[in-house]
Structure formats: C-alpha cells, structure tokens
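Hi there,

Here is the structure I promised to send over. Have a look at it first, and my notes follow below.

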Amino acid sequence: MKLLTAATIAALACPASAAAALEVKLAVAPKAPAKGESASIQLRPYWTYKRADGSCCALEPAAVRYPFKLEAVSPAGRVYPIGVSRTKNRYLWSGTFRFRAAGRWVVRAPQWGPRYSRNYGARPRIEVSVGR
C-alpha cells in the first residue's frame, strides 16, 4: 500500500508535460511580412522531458511522421489552412502562406488548442504583424 501511495505521489509531482510530451515551435520568415507577401511558415517538433538531475526541462528534436495542421487567423477572425510538409531536414516541416491583409495575424497548430500549450519551449501559437 505504501508503494502504491509513493508511486501516486511521484506521478502527481512530475507533470505529464515534462514526461516526453510532443511539442512544437512555430516560426515565420520574414518575421514581419508585408500585406500580399508570401512568407515561409516553419514547424519544428520536439520532445520535452525532465532532466536526469530532476530539473525541468530539456528539449530534443523529434523526427516524427505526424499529420501536422496549421492555420492562419486573420485580423477579422477568418481561418485559413496552411499546408506544411516535411523537408529534407527530418526535424523541420515547412509551408508558405500569403498574408492577405495588414494587421495582427495568429499562426497556430490547432491540435494544441484551444488553450495551447505553455510548456517549456512550446510555441504552438504565434502572432505575426503584417505591414501595409
């Protein structure tokens, strides 16, 4: 019984997010595209895990085959799909998107919504300022 209690306490003390959870980082290049300009959208998957010394957290690139879906949300709230595919670099997925209006857009990975992960290193939703 004591062993079961100790195991339960240990499981609660180590959050699931630190136990090899798949996370993503998103990036847009250029960082501030102009209206009508095509931009490169990049997704990098990685594993998060607790370090051997017990501190949180470490990141490791993840070479996964996963059907990633991305979306761009316009300043007016309209949602556009962004197609991404795995590149020659097995840790990088990439696609292009043309921002059709100026203003603040959100690029997001909807699988991580609606709250979107705030785990160490995670960036499944980013804001993009699109100029005129």
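A charge counts as sitting over a ring if NZ of Lys or CZ of Arg is within 6 Å of the ring centre and within 35 degrees of the ring normal. In this predicted model, Lys-25 lies over the face of Tyr-46, at 5.6 Å from the ring centre.

Next, the aromatic rings. Searching the whole structure turns up 7 aromatic pairs. One of them is formed by Tyr-80 and Phe-97, a tilted pair with 6.0 Å centre to centre and 55° between the planes. This pair links distant parts of the chain, since Tyr-80 belongs to strand β5 (residues 79–82) and Phe-97 to strand β7 (residues 93–98), 17 residues apart. Tyr-80 and Phe-97 are both buried.

Phe-99 and Trp-105 also pair up: their ring centres are 5.2 Å apart and their planes stand at 80°, so this pair is edge-to-face. Phe-99 and Trp-105 are buried as well. Ring pairs join Tyr-80, Phe-97, Phe-99 and Trp-105 into a cluster.

Glu-71 may also be of interest to you. This residue is found in strand β4 (residues 70–73). Is Glu-71 buried or exposed? With a relative accessible area of 19%, Glu-71 is buried, because the cut-off for buried is under 20%. Its side chain makes a polar contact with the side chain of Arg-108, at 2.7 Å. Leaving out residues up to four places away in sequence, Glu-71 touches Val-79, Tyr-80, Ile-82, Val-106, Val-107, Arg-108 and Pro-110. Tyr-80, one of these residues, is also part of the ring cluster described above.

Best wishes

Terms used:
Residues are numbered from 1 along each chain as its sequence is written. This is a predicted model: local features need pLDDT of at least 70, side-chain atom pairs count only at pLDDT 80 or more; totals for chains, interfaces and linings use all residues. Side-chain values use heavy atoms; hydrogens and water are left out. Helices (H or I, at least four residues) and strands (E, at least two) are DSSP runs, numbered from the N terminus. Buried means under 20% relative accessible area, exposed over 50%, partly exposed in between (1.4 Å probe, protein chains only). A polar contact is a pair of N or O atoms within 3.5 Å; within protein, one must be able to donate a hydrogen and the other to accept it, and residues adjacent in sequence count only if both atoms are side-chain atoms. Contact means heavy atoms within 4.5 Å. Rings of Phe, Tyr and Trp (its six-membered ring) pair if their centres lie within 6.5 Å; planes under 30 degrees apart count as stacked, over 60 as edge-to-face and the rest as tilted.
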